[in-house]
Amino acid sequence: HSAVVSTTLARRCALETRPGWDESGWVAGEAHHVARDVARAVSPARRTDLYRTALRAAAEQGVVSVHEMSAPHIDTRAGLREILALTADASSGLPHVVGYRGELCATADDARALLADVPGLAGIAGDLNVDGSIGSRTAAMRLPYQDGPARGDRGNLYLTAEQIAAHLSAVAAAGTQGGFHVIGDRAMDELVLGLGIAAEAHGQSAVRAARHRVEHALFVDATALATLLLYGVSLSIQPAFDAAWGGPDGMYAARVGAMRAQGLSPFADLAGAGVPLAFGSDAPVTRIDPWAGVLAAMSHVDPDQQISARAAFRAHTRGGWRIAGLDHTGAGQLRVGAPAHLAVWRGEHLVVQGALGRTTSSWSTDARAGQPLLPELGPDVPRPRCLQTVRAGVPLFDTFV
């Protein structure tokens, strides 16, 4: 969404002639897009090596399946096809990849053409941006930003409700899942309107049947929550965002004010209402570190929005398969007949933990209740260490060898 560039790169690309250039070297908009394209211009062999390196790094953190949020501003269709081919089966020694492509479709024919060009897509969704990011002050807000060069600005709205509705209708007609990147409250308002327009045209049941997903969804008020539930929308959320930038002294509070920042990422409200959740990292925005994500969800800066270790663990495991429409495979849980996707961890203590800021939990912490035990987590507790990651019975990462 934005970057800081060197003087050498700025001169090489003539960034000072592009909209979005700032003399400090901070670039956004078109200037950022030009700089990004130059930075990512690598040889095909180097690109393949980077794919493998990133996927192996995920496996070392106990990740068996990666949701790849490809989009024109991130990678080419050919690159996505290569990743899907590289990881087609467990013999590759790489994690399973759930492929998404964030390209706007106006008609069902657009969606069908994309699905034909990139076989195996889970959906036409992901980094299809309704807005930008809070850090870059490009997330679309109802109220102006309170700091920095964008003070007084309300960010960028890249898609209208009509475009959102057309895309959702197009991908549903093509028989696949749709979705968007949504950060700011004004962007969420536009998504709510778009869902309503799509439902008016095709009916509520048709919208629900498509099992659309939304990435990030930091602002979810009562109206948005009711709409997401009504239309069966799933949320892909990154708890590490709250850990990194939440709180009264964090970046979110600086950008939008402490009062508004308090209501971001309402984990407990979403989980309690029954919105399907999947937790992840949005790497490289935050590190691939699932246990850090579980801990972040347990220790949300607002104690009322903290959830139990078990709920966060399920969102990091079964939740991802569920919102990708792959829950019928049995993946995401250890049971007879399910694929042998698993990770082996070393932890100091196994416990049943509720939210860290609450004295009570919806799960009984008494061992006699038979609740599944998980590694103990806390700010001063050593993090579990991955010893082995297995996909369909094939080790991807193995310290036992």
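Here's a short chat about a sheet, a helix pair and a cavity in this predicted model.

Student: Which strands of the open sheet stand at the edges?
Tutor: Start with the order, which is 10-13-14 with antiparallel pairing.

Student: How do helix 7 and helix 9 cross, left-handed or right-handed?
Tutor: Take helix 7 (residues 185–202) and helix 9 (residues 222–230): their axes come within 10 Å and cross at roughly 35°. As for the hand, the crossing is left-handed.

Student: How many residues of that helix contact are nonpolar?
Tutor: Helix 7 brings Met188, Leu191, Val192 and Leu195, and these meet Ala224, Thr227 and Leu228 of helix 9. Sort them by type and you get 1 polar and no charged residues. The nonpolar count is 6.

Student: What is the volume of the largest cavity, and how many charged residues are in its lining?
Tutor: With a cut-off of 30 Å³ or more, the count is 1 cavity. Its lining is made of Gly347, Glu348, His349, Pro375, Glu376, Val381 and Pro382. By type, that lining has 3 nonpolar and 2 polar residues. So much for the list; the values you asked for are about 30 Å³ and 2 charged.

Conventions: Residues are numbered from 1 along each chain as its sequence is written. This is a predicted model: local features need pLDDT of at least 70, side-chain atom pairs count only at pLDDT 80 or more; totals for chains, interfaces and linings use all residues. Side-chain values use heavy atoms; hydrogens and water are left out. Two strands pair if DSSP finds at least two bridges between them. Helices (H or I, at least four residues) and strands (E, at least two) are DSSP runs, numbered from the N terminus. Axes are lines fitted to C-alpha atoms, for helices over the stretch in contact, and angles run from 0 to 180 degrees between N-to-C directions. A crossing is left-handed if the near helix is turned anticlockwise from the far one by less than a right angle, and right-handed if clockwise. Contact means heavy atoms within 4.5 Å. Ala, Val, Leu, Ile, Met, Phe, Trp, Tyr, Cys and Pro count as nonpolar, Asp, Glu, Lys and Arg as charged, and the others, Gly among them, as polar. On a 1 Å grid over the protein atoms alone, a cavity is a set of points where a 1.4 Å probe fits but cannot get out, and a pocket is an open set with protein on both sides within 12 Å along at least five of seven lines; lining residues have an atom within 4 Å of a point. Grid points are joined across faces, edges and corners, and a volume is the space filled by probe spheres set on the points.
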